[in-house]
Amino acid sequence: MRTLAVAAFAVALAVPAAVGDEIKLFNGKDLSGWTFFLDKSGPNADGSMKMEDVWQVEGGKIRCSGVPNGYIRTTADYKDFGLTLEWRWAEKPGNSGVLLRVTGPDKIWPKTVEVQLMSGNAGDFWLMDGAPLDTDPSRTDPKAANHRAKMKAAEKPAGEWNLYEITMDGSWVLLKVNGEVVNEGTGAEEVAGKIALQSEGAPIEFRNIRLTPIRK
């Protein structure tokens with residue numbers, strides 16, 4: 001695995017090359033370019049819930065109620081990119097995540113590299129449905145082999161906005177929280193996929209969701 005110094009240098013080289021191609025994944029007004037999936041149990045047992053029952057746009061941000069479990073995802077696929085977004089816990093700390101290169105059928109949970117947003121754990125990786133990624137073995141959870149812990153904590157207190165900077169370049173993934181490198185891995189599956197934001201139990205807000213493609 002590349003060292004963090006080499007990794008950071010690679011980001012500096014890759015992302016500026018795509019400046020001018022920035023895509024606003026969220027336009028601040030509505031959920032154009034997104035669709036959704038919700039767990040068909042609990043409050044959605046009859047499958048009748050709509051996107052707006054869980055995700056609303058207000059004041060230039062997306063507010064997610066957190067119930068039931070599910071996600072909104074882009075309708076377009078993305079492979080190599082720099083992704084930035086802001087999030088905060090609207091009421092109390094809880095659980096959520098950003099899903100990268102989502103492939104396969106919609107379900108709880110699809111094949112993806114999840115970058116964790118659970119309060120206190122932002123920067124962890126969860127490898128869902130067999131998604132591959134190699135990290136330092138010392139950060140593999142002995143109780144869950146698909147969980148890879150972050151190297152350091154960089155979150156702000158609940159209620160304050162946090163910044164995620166995520167780079168996926170080929171098989172390499174780099175995570176920054178509030179400007180600090182907190183995790184990286186190599187060996188990710190090099191496929192194009194959706195980007196998704198989880199609903200997972202607690203109200204959370206998102207804003208300023210932007211993607212810069214990395215051109216090869």
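Trainee: Where is the place of N208?

Mentor: N208 sits in strand β16, which covers residues 204-213. Strands here are DSSP runs of E with at least two residues, and helices are runs of H or I with at least four, all numbered from the N terminus. Keep in mind that this is a predicted model, where local features need pLDDT of at least 70 and side-chain atom pairs count only at pLDDT 80 or more, while totals for chains, interfaces and linings use all residues. Residues are numbered from 1 along each chain as its sequence is written, and side-chain values use heavy atoms, with hydrogens and water left out.

Trainee: Thanks. What is phi of N208 near?

Mentor: Phi of N208 is near 50°, a positive value in a residue other than glycine. N208 is partly exposed, with a relative accessible area of 31%. On that scale, buried means under 20% relative accessible area, exposed means over 50%, and partly exposed is in between, using a 1.4 Å probe and protein chains only.

Trainee: And R101, where is that found?

Mentor: R101 is in strand β7. Phi of R101 is also positive, near 50°, again in a residue other than glycine. R101 has a relative accessible area of 5%, so R101 is buried.

Trainee: Which side chain does R101 have a polar contact with?

Mentor: The side chain of D80, at 3.1 Å. A polar contact is a pair of N or O atoms within 3.5 Å; within protein, one must be able to donate a hydrogen and the other to accept it, and residues adjacent in sequence count only if both atoms are side-chain atoms. D80 also has a side-chain polar atom 2.6 Å from the backbone nitrogen of G170.

Trainee: Is D80 buried or exposed?

Mentor: D80 counts as buried, because its relative accessibility is 11%. D80 is found in the loop between β5 (70-74) and β6 (81-89). Leaving out residues up to four places away in sequence, D80 touches R101, M168, D169, G170, T212, P213, I214 and K216. Contact here means heavy atoms within 4.5 Å.

Trainee: What about S96, which backbone oxygen does its side chain reach?

Mentor: That of Q198, at 2.8 Å. S96 lies in the loop between β6 and β7, and S96 counts as buried because its relative accessibility is 0%.

Trainee: Changing topic: what order do the strands have in the open sheet of eight?

Mentor: The order is β2-β5-β15-β7-β8-β9-β11-β10, with antiparallel pairing. β2 (34-38) and β10 (140-141) stand at the edges with a single partner strand each, so one side of each has no neighbour in the sheet. Two strands pair if DSSP finds at least two bridges between them.

Trainee: How many bridges are there between β2 and β5?

Mentor: Five, in the antiparallel sense. T35, for instance, has R73 in β5 as its bridge partner.

Trainee: How many aromatic pairs does the structure hold?

Mentor: Three. One of them is F37 with Y71, a tilted pair at 5.8 Å centre to centre and 35° between the planes. That pair links distant parts of the chain, with F37 in strand β2 and Y71 in strand β5, 34 residues apart. Rings of Phe, Tyr and Trp (its six-membered ring) pair if their centres lie within 6.5 Å; planes under 30 degrees apart count as stacked, over 60 as edge-to-face and the rest as tilted.

Trainee: Which residues do ring pairs link into a cluster?

Mentor: F37, Y71 and W109. W109 lies in the loop between β7 (97-103) and β8 (111-116), and a cis peptide bond joins I108 and W109, with omega about -5°. There is also a cis peptide bond between V67 and P68, with omega about -5°.

Trainee: Last one: where does pLDDT stay under 50?

Mentor: Over residues 1-20. pLDDT is the predictor's confidence in each residue, from 0 to 100. Where pLDDT is low, the predicted coordinates should not be read in detail. The protein chain averages a pLDDT of 92, and 91% of the residues score at least 70.
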